[in-house]
Amino acid sequence: RCLGGRDELDAFVASVLAPYERGAVVVDWGAGSGAMTRRLLRRFDAVHAVEPSAYQRQVLARDCPAAHIVAGTVHDADVPAPIDVAFLRHVLYH
């Protein structure tokens, strides 16, 4: 809502991600059902989807099979690689 509609959000996300190469390692904190994870997978080869909800992780596994799904939160998830881009989309709502 702060950025307007979906088009404004998409443009903002594209501008933030533009400097990074395809080989960058990306983490989607609080991946939920995978809307952002799917977008990140179109742009990057290595995407970690961190999600505390077991149900949502099942949805991620079904809908984002190329993502490395990690149980946990921003505080306790064990992401197994150095991260180039950390994306916490939910802060855009506040």
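Glycine 23 sits in the loop between α1 and β1 (25–29) of this predicted model. At 56% relative accessibility it is exposed, because the cut-off for that class is over 50%.

Arginine 22 is partly exposed at 39%, while aspartate 45 is exposed at 52%.

The whole structure has three salt bridges.

| Salt bridge | N to O distance |
|---|---|
| Aspartate 10 – arginine 39 | 2.1 Å |
| Arginine 62 – aspartate 63 | 2.7 Å |

What does the bridge between aspartate 10 and arginine 39 tie together? Aspartate 10 lies in helix α1 and arginine 39 in helix α2, so the bridge joins parts 29 residues apart in sequence. Arginine 39 is buried, at 19% relative accessible area. Aspartate 10 is partly exposed, at 30%.

In the remaining pair, arginine 62 is exposed at 59%. Aspartate 63 is partly exposed at 31%.

The largest nonpolar core has 17 residues. Those touching the most other members are Val13, Leu17, Val26, Leu40, Phe44 and Val47. At least two core residues come from each of α1 (6–17), α2 (35–43), β2 (46–51) and β4 (85–87). A separate second core has six residues, among them Val27, Val70, Ala77 and Val79.

Beyond its neighbours within four places in sequence, leucine 17 contacts Leu40, Arg43, Phe44, Val85 and Phe87.

Technical notes:
Residues are numbered from 1 along each chain as its sequence is written. This is a predicted model: local features need pLDDT of at least 70, side-chain atom pairs count only at pLDDT 80 or more; totals for chains, interfaces and linings use all residues. Side-chain values use heavy atoms; hydrogens and water are left out. A nonpolar core is a set of buried Ala, Val, Leu, Ile, Met, Phe, Trp, Tyr and Cys residues joined through side-chain atoms within 4.5 Å. Buried means under 20% relative accessible area, exposed over 50%, partly exposed in between (1.4 Å probe, protein chains only). Helices (H or I, at least four residues) and strands (E, at least two) are DSSP runs, numbered from the N terminus. Contact means heavy atoms within 4.5 Å. A salt bridge is a side-chain nitrogen of Lys or Arg within 4 Å of a carboxyl oxygen of Asp or Glu.
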